[in-house]
Amino acid sequence: MRILVLSQYFWPESFIINDVVRTLDEQGHEVVVATGKPNYPDGKVFDGYRAAGTQRERYQGRIEVLRVPLWPRGQ
């Protein structure tokens, strides 16, 4: 089954959705994650990312992650 996961938070941030996505992948599903740029908990976009533009990457080598622009949480 092909599954699209929409989540405000995702790896490298530490949330339960990371485990859910990993489990779906282990069960043989094709998973794509659409999320924002990591910035939790400090409200500052993590090193290696920028708030503007889209980025594509792989999680665990197999799961496609599409990161979309966002305004960081800030203070």
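Which residues of helix H1 (residues 16-26) are buried?

Guide: A word on the model comes first. This is a predicted model, in which local features need pLDDT of at least 70 and side-chain atom pairs count only at pLDDT 80 or more, while totals for chains, interfaces and linings use all residues. Residues are numbered from 1 along each chain as its sequence is written, and side-chain values use heavy atoms, with hydrogens and water left out. The pLDDT is the predictor's confidence in each residue, from 0 to 100; its mean over the protein chain is 93, and 96% of the residues reach 70 or more.

Helices (H or I, at least four residues) and strands (E, at least two) are DSSP runs, numbered from the N terminus. In H1, the buried residues are Ile 17, Asn 18, Val 21, Leu 24 and Asp 25. Buried means under 20% relative accessible area, exposed over 50%, and partly exposed in between, with a 1.4 Å probe and protein chains only. Seen down the axis of H1, these buried residues fall within an arc of 130°, so they line one face of the helix; the arc is that of the directions from the helix axis to the C-beta atoms. An α-helix has 3.6 residues a turn, so residues three or four places apart point the same way. On the other side of H1, Ile 16 and Glu 26 are exposed.

The cover over the buried residues of H1 includes strands S1 (2-6), S2 (30-36), S3 (55-59) and S4 (63-68). After H1 comes Gly 28, with a positive phi near 95°.

The loop between S1 and H1 holds Glu 13. Glu 13 is buried yet has no salt bridge, and Arg 67, the nearest side chain of opposite charge, is 5.3 Å away. A salt bridge is a side-chain nitrogen of Lys or Arg within 4 Å of a carboxyl oxygen of Asp or Glu; Lys and Arg count as positive and Asp and Glu as negative, with His and the chain ends not counted. Neighbours within four places in sequence aside, the residues in contact with Glu 13 (heavy atoms within 4.5 Å) include Asn 18 and Tyr 40.

Tyr 40, for its part, is partly exposed, with a relative accessible area of 34%.
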